[in-house]
Amino acid sequence: MWGAATAAYQIEGYNTHSDLWDWEVKYEQRSGAAANSYVLFDEDAELVKRLGMGVYRFSIEWARLEPRNNEWNAEAIEHYHEVLRSLRSRNIRPMVTLHHFTNPKWVYEIDPSPWENGEVVREFEEYVRLAAREYGSEVDMWIPFNEPNVYSFGAYGIGRFPPGQVGLLNPTERLLPVMQNMVEAHVQAYRMLHEVDTADADGDGVAAWVGVGQAVSAIEPADPDSAADRAAVDRYARFYVWLFPDAMARGNFDSDLRFDEAIERPDWAGSLDFLGLQYYSRLKVRAQEGLLDPLNLLPCASEGALTQIFGVLGCPAPDLPKTDMGWEIYPEGFYDVVRQAWERYALPVVVTENGIADQTGEKRAPFIVQHLAQLHRAIRDGADVRGYMHWSLLDNYEWGSFRPRFGLYSVDYENGFARELTAGGAVYGEIVGANGISSDLLNRFGSDDFR
Ligand code: BGC
């Protein structure tokens, strides 16, 4: 499957009932009309088709369907039927995310720290039930949660998303409860989707195929010669990368972060039909006694909120070329993570996001070719990879700013949100059309190892 991904809040515009809407005043820019996709969705579907992609991964905005607790909005429900019709009439299969970082505002009326205390789990289940009933006959591929690790860190760890809690320094007490509630909500969603969505929309014999969109980084030791750093890599990977899929696939939930192999929640096991991996960059880890107890380590991203918090403590300087986000470009790490995921779970893998912020438009084609070459290597070495969704179909609201340009198509925010194919988008279309990377593309954009 070849496709592209988006998220409702980042493209639709005016998601005024979502919790981020008021929170955005803290950011550099507000989302406003975003990419105007609530209006332009049919044009977006045409953009997917124009590149020959067979899948579009997008999200439904919970706050639109349920702007007030237990009040369902008929117009919004119908809107997503229209989105689905516009895709299906073009033979594009939808992959639907149900939670992509935002919640309805009213969840904080029930509890000011909803995912920490778990009040929201039952509410989420009602929303999933409605989505499964409404859209089950049109949708087979479901992702209840986008990046539960990034979301729980962002909202309850470093205070970037509402409710803005800063619990990362005390992960066992402040973050683990959030993670536990999110796994619980995922498991319930998994069961609900299988129970309610019994209609096989695309005729492949599978009515509901449910996974998680997990953010993964290549994690490496700050000092490769240090045994302590290498051990810290293992602890951080188990915490940041594998904790959610370990719990969902095997029922292994390390609530004390001591990482034994005990199956604490056997009732959770078997709740993933596929594992969605979202890969962007690499992260280095240094052993550091007393920090993030009991992990005892310092996580070093090449840029972003983690760097702002921990950079002062002495992270190594990034040494690879960087994207406009300041993230190191590291295609080899993509191979490593896909291999690790496959070896760990033997579950079908879908790359549910991979992409680059690139203002100039020059770096996207090599980024895509080099990452897909690594993905191909992982497949050749045995990984069961079922699809690749590029992030993103369009330029969009990057959680606080429109400056990062992630789109296969650029968006001209000043001129009627006009979409224009980027050079990287054209190259992606060529790869999709050929179902592979030609030697010409490898010669032009590949790394030396693949030419
Ligand atoms: C998220 C997207 C985001 C992208 C680039 C992923 O973490 O799912 O919403 O735009 O990365 O930062």
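**Figure 1. Arginine side chains over aromatic rings in the predicted model.** In this predicted model, arginine 282 places its charged end over the ring of tyrosine 330, at 4.8 Å from the ring centre. A further case involves arginine 30, whose charged end sits over the ring of tryptophan 21, 4.9 Å from its centre.

Figure 2. Serine 281 belongs to strand β6, which spans residues 274–287. The residue has a relative accessible area of 8%; serine 281 is therefore buried, the limit for this class being under 20%. Its side chain reaches the backbone oxygen of glutamate 328 at a distance of 2.8 Å. When neighbours within four places in sequence are left aside, serine 281 is in contact with Ser217, Ala218, Ser302, Trp327 and Glu328.

**Figure 3. The residues around the ligand.** The ligand is surrounded by Gln10, His100, Asn146, Glu147, Gln278, Tyr280, Trp327, Glu353, Trp391, Glu398, Trp399 and Phe406. Glutamine 10 has a polar side-chain atom 2.7 Å from an oxygen atom of the ligand. In the side chain of glutamate 398, an N or O atom lies 2.6 Å from an oxygen atom of the ligand. For tryptophan 399, the distance between a side-chain N or O atom and an oxygen atom of the ligand is 3.0 Å. On its own the ligand has 310 Å² of accessible area, of which the protein covers 94%.

Figure 4. Phenylalanine 101 is located in the loop between β3 (93–99) and α6 (107–110), and phenylalanine 161 in the loop between α9 (148–157) and α10 (171–174), so the pair ties together parts that are 60 residues apart in sequence. Phenylalanine 101 and phenylalanine 161 are both buried.

Figure 5. Because phenylalanine 124 lies in helix α8 (residues 119–135) and phenylalanine 145 in strand β4 (residues 141–145), the pair ties together parts that are 21 residues apart in sequence. Phenylalanine 124 and phenylalanine 145 are each buried. Both belong to one aromatic cluster formed by Trp62, Trp106, Trp115, Phe124, Tyr127 and Phe145.

Key. Residues numbered from 1 in each chain as written. Predicted model: local features only at pLDDT ≥ 70, side-chain atom pairs only at ≥ 80, totals over all residues. Heavy atoms only, no water. Helix = DSSP H or I, 4+ residues; strand = E, 2+ residues; numbered from the N terminus. Buried < 20%, exposed > 50% of the residue type's maximum accessible area, 1.4 Å probe, protein only. Phe/Tyr/Trp six-rings, centres within 6.5 Å; stacked < 30°, edge-to-face > 60°. Lys NZ or Arg CZ within 6 Å of the ring centre and 35° of its normal. Polar contact = N/O pair within 3.5 Å; in protein donor to acceptor, adjacent residues only side chain to side chain. Contact = heavy atoms within 4.5 Å. Near = heavy atom within 4 Å. Areas by Shrake-Rupley, 256 points an atom, 1.4 Å probe, with all protein chains shown as cover.
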